[in-house]
Structure formats: C-alpha cells, structure tokens
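Student: I have a new structure to look at, and I'd like to learn how to read it. Can you take me through some features one at a time?

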Amino acid sequence: MALLAAGSAVPSALVALTVFRASAWACLLCFTSYKERLQICQIFVGLESPDLEKCEEALTDAFKGLQDTEINYEERSHLHDAFTQMTHSLQEVAAAQGSFQVAFPHAAEKMQKIILQLKEVQACIRPCGLQEVARRFRCRGCYSTVCDLPLDCPVQDLTVTRGHQAMFFCTVNFQLPKEEITYSWKFAGGGLRTQDLSYFREIPRARGYLARIRPVQPTHRGTFSCVITHDQRPLARLYFFLNVTGPPPRGETELQVSFREVLRWTPREGEMIEPWTPSLGELLARPEALTPGNQCLLAAAVALASASATVLAWMFFRWYCSGD
C-alpha cells in the first residue's frame with residue numbers, strides 16, 4: 001500500500017472547493033472529510049500519480065445525484081455511519097487493486113439505497129408552530145432547517161352565553177416532544193381581539209393545556225393566549241377570542257345582580273381560569289390529561305380499590321368459616 005501524504009498546509013475546505021468541481025455541498029462533503037476522500041484516491045492510483053485529480057473528480061461526479069438530498073434530522077448519525085463504512089469499503093477495494101471507475105458508481109448507488117431506507121422527512125403541518133419533529137437536514141449546504149411557519153396561530157373565536165361555561169383547549173395538530181412541555185396563559189381584556197403581546201397579562205393559576213371559565217361574565221370578553229413551551233423554548237402561541245352574549249341567567253336573582261353592581265364586581269386575573277381537575281371519565285376519554293400527577297392519583301385509587309376488595313373478601317371468608 002502506498003504511503004499516505006502528510007496533511008496539507010492549505011485549509012481543507014479551500015482545497016475541497018478548488019479540487020472538487022462538483023457542488024461543494026453534496027452529501028459526500030457533509031459526511032466525509034477532504035482527507036478521507038484524498039486518502040481513498042491515493043490508495044487507488046498512488047501518492048504522486050498524474051491520475052490523482054482524475055480519481056478525485058470521478059469520486060465527486062459519482063455522488064452528484066445526492067447533492068440535493070434531504071433527510072430526517074434524526075437520521076444524521078445513521079447516514080454518517082453509512083458514509084464511514086463506505087470509505088472503509090472503498091479503501092479495501094483500492095488495496096485489492098480494484099478500479100475506482102467501477103467502485104465509485106457502485107458505492108454511490110449503494111448509498112442511494114441506504115438513504116431511501118432512512119426514516120422519511122415529516123411534512124410541515126400548517127398553519128403555525130415550531131415543529132421540531134419535521135426538522136430536516138439538507139446536503140446542499142450541510143445545514144438543518146424547520147418549517148417556515150409563524151409561531152402565532154390564527155385567532156379562534158368562541159361565543160358563550162353569560163353564566164355558562166367556556167373551555168379552551170391549548171392543543172396543536174403536530175406532534176409535541178414527550179417531555180418538558182409547559183403551558184402558560186395570558187389575557188387581553190376590554191373586548192380586544194388581538195395578537196399583540198403588549199396587551200396581554202399573565203394568568204398565574206392557569207398551567208395546563210385546558211382552561212375553563214365558569215360562570216362566564218361580560219368582563220371575560222377578550223382574547224386569551226396560550227403559549228406551549230418546550231425546555232423554555234416557545235413552540236406555538238394559540239389565541240382564543242371569547243365573546244360573551246345574552247342577559248343574566250334565569251337562576252340569578254335581581255338581588256344578586258344589584259349586589260354585584262354595588263360592589264362593582266370584577267374577577268381578578270388570577271381567579272379568571274379555575275384549575276382543571278379531570279374526572280375519571282375525562283381521563284379515559286382524553287389520554288393527554290394523564291399528567292404525572294393524575295397518573296399517581298389514578299394509581300392510588302386503583303390500589304385503594306384493590307385493597308378494599310381484598311379486605312372484604314377476607315372478611316367474608318372469615319364469616320363463612322365461623323358459621324361452619
């Protein structure tokens with residue numbers, strides 16, 4: 001095997017741009033170094049062979065079909081491993097006196113098949129949100145990118161009769177990370193229908209994906225905003241405009257109306273949204289409601305029911321035996 005040349009003093013990136021006349025941002029250049037590519041050709045044709053440049057051009061030409069490739073961002077390590085294995089295989093072919101004109105197209109074809117077997121890039125789901133699950137890696141440029149969508153989602157309108165209940169679901173139609181997801185709520189009152197963050201004030205007690213207001217009053221008319229955050233990074237901002245209509249409910253007496261007018265009753269922001277404690281039926285109907293706290297409560301309830309059933313069975317058995 002020919003001795004390998006010492007590292008060149010010229011920066012490898014500049015050499016790559018000069019020597020490799022194909023697109024400088026193909027997958028080949030993203031997942032292999034210039035030194036690795038040069039080493040392959042040196043083994044094929046020799047250290048100082050006049051065919052060295054021809055070998056290098058043949059290598060890049062063979063992989064031109066991969067220069068516009070996009071892959072799922074999570075598959076980067078798998079593709080890197082595949083290129084590493086490819087370089088070792090080409091070195092073995094070169095050491096066995098094989099032909100680079102045959103070996104390079106064969107390696108590129110094999111790499112194309114490997115790429116087709118990788119997990120597909122997920123499509124962007126409109127209309128909004130930072131969708132990490134759809135992040136992709138682009139070989140032309142060797143960089144990753146996410147969907148070009150706004151963080152702010154369109155305002156959703158909800159009309160509720162005074163005295164009834166309003167519920168807002170802070171959910172999106174794309175997949176969220178499984179851990180470290182938090183929800184925070186804000187309110188812009190005065191009947192404003194807006195997405196301007198300067199009008200919003202935080203609602204401290206609201207922390208879940210679901211917010212409930214009851215009974216709804218005219219002072220609740222305005223825009224509610226929910227921010228979905230992952231590891232302190234916002235993923236989406238949802239907006240809900242609540243329009244309150246209708247007279248006071250029939251169950252509200254004139255004395256209650258007068259009393260509220262005298263006190264100029266207004267709900268405090270901290271009390272606007274009540275904490276939501278799902279029932280067993282709601283937990284079963286909505287699996288996303290199974291937060292760690294709810295899971296512990298459900299497990300405790302099942303354990304208590306099981307223990308109670310065991311005690312009752314034991315008492316019945318003792319009573320039955322004592323009767324004999």
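Student: What is the torsion about the S-S bond of C170 and C226, and which hand does the disulfide have?

Tutor: A disulfide here is a pair of cysteine sulfur atoms within 2.5 Å. For C170 and C226 the S to S distance is 1.9 Å. The torsion about that bond is about -90°, so the disulfide is left-handed. C170 sits in the loop between β5 (166–169) and β6, while C226 belongs to strand β9, 56 residues apart. Keep in mind that this is a predicted model, where local features need pLDDT of at least 70, side-chain atom pairs count only at pLDDT 80 or more, and totals for chains, interfaces and linings use all residues. Residues are numbered from 1 along each chain as its sequence is written, and side-chain values use heavy atoms, leaving out hydrogens and water.

Student: Are C170 and C226 buried or exposed?

Tutor: Buried means under 20% relative accessible area, exposed means over 50%, and partly exposed is in between (1.4 Å probe, protein chains only). Both C170 and C226 are buried.

Student: How many disulfides does a search of the whole structure find?

Tutor: Six. One of them joins C124 to C147, with the sulfur atoms 2.1 Å apart. C124 counts as partly exposed because its relative accessible area is 35%, whereas C147, at 8%, is buried.

Student: Which strand does β6 join through eight bridges?

Tutor: First the general idea: helices (H or I, at least four residues) and strands (E, at least two) are DSSP runs, numbered from the N terminus. Two strands pair if DSSP finds at least two bridges between them. Here β6 (residues 181–188) is joined to β9 (residues 222–230), and the two run antiparallel. For instance, T182 has T229 in β9 as its bridge partner. Three bridges also join β6 to β7 (residues 201–203), again antiparallel. There, W185 is partnered by I203 of β7.

Student: In what order do the three strands of the open sheet come?

Tutor: The order is β1-β2-β3, with antiparallel pairing. At the edges are β1 (70–72) and β3 (143–145), each of which pairs on one side only. Between β1 and β2 (residues 136–138) there are three bridges, and E70 has R138 in β2 as its bridge partner.

Student: Where is V311 found, and is it buried or partly exposed?

Tutor: V311 lies in helix α9 (residues 292–323). Its relative accessibility is 44%, so V311 counts as partly exposed.
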